[in-house]
Amino acid sequence: MSVDRRSFLRGSVLAAGSVASAGMIGTAAFADETNVPSWGTVEVDEEAVAAVDAEKSTEPPSWLGTPPDIAIEDCVETIETDVVVVGSALAGVISAYSAIQNGAQVIMIERNGAPPYQRLGHRVL
């Protein structure tokens, strides 16, 4: 069986049209509000809600640990910026680059020392 370009394109258009019309079939059943099924009402267990609210506390979660004891006088430098990017992995670099392109003042913080692209002349904390 040989397929020329014209018959291939005709078949592709028919297949695409079939897929598009199949997607519209699912929405036709709810075209008006009279066909919408009734899902019933949701009953709220007030005792369960009260129990969950009672468990909530204003204390920070234990996994946060204790905050460090740092006084304002211990801060050596204050830097004003528009955007702080934490981490210089791929997502951090792309985020910082995008912010710089849009005119933002960006500071990137990296815990593993200076990344190899510091040679480009950008300041990395």
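Biologist: What makes the pairing of the Ser88 and Glu110 side chains, at 2.6 Å, a polar contact?

Modeller: The side chains of Ser88 and Glu110 come to 2.6 Å. A polar contact is a pair of N or O atoms within 3.5 Å, where within protein one must be able to donate a hydrogen and the other to accept it, and residues adjacent in sequence count only if both atoms are side-chain atoms. The pair is therefore listed as a polar contact. The model is predicted: local features need pLDDT of at least 70 and side-chain atom pairs pLDDT 80 or more, while totals for chains, interfaces and linings use all residues. Residues are numbered from 1 along each chain as its sequence is written, and side-chain values use heavy atoms, leaving out hydrogens and water.

Biologist: Why is Ser88 called buried?

Modeller: Its relative accessible area is 12%. Buried means under 20%, exposed over 50% and partly exposed in between, with a 1.4 Å probe and protein chains only, so Ser88 is buried. Ser88 sits in the loop between strand E1 (83–86) and H3; helices (H or I, at least four residues) and strands (E, at least two) are DSSP runs, numbered from the N terminus.

Biologist: How do you know that Ala99 is buried?

Modeller: Ala99, in helix H3, has 14% relative accessibility, so Ala99 counts as buried.

Biologist: Which residues is Ala99 in contact with, leaving aside neighbours within four places in sequence?

Modeller: They are Val83, Ala104 and Val106, contact meaning heavy atoms within 4.5 Å. Val83 is 16 residues from Ala99 in sequence, and their C-alpha atoms are 7.5 Å apart.

Biologist: What makes up the largest nonpolar core?

Modeller: The core has 5 residues: Val85, Ala96, Ala99, Val106 and Met108. Helix H3 (90–101) and strand E2 (106–109) each give two or more residues to this core. A nonpolar core is a set of buried Ala, Val, Leu, Ile, Met, Phe, Trp, Tyr and Cys residues joined through side-chain atoms within 4.5 Å.

Biologist: Is Val3 buried or exposed?

Modeller: Val3 has a relative accessible area of 51%, so Val3 is exposed. Val3 lies in the segment before helix H1 (5–28).

Biologist: How many helices and strands does the chain have?

Modeller: The chain has 3 helices and 2 strands, in the order α-α-β-α-β from the N terminus. Of its 125 residues, 9% are buried.
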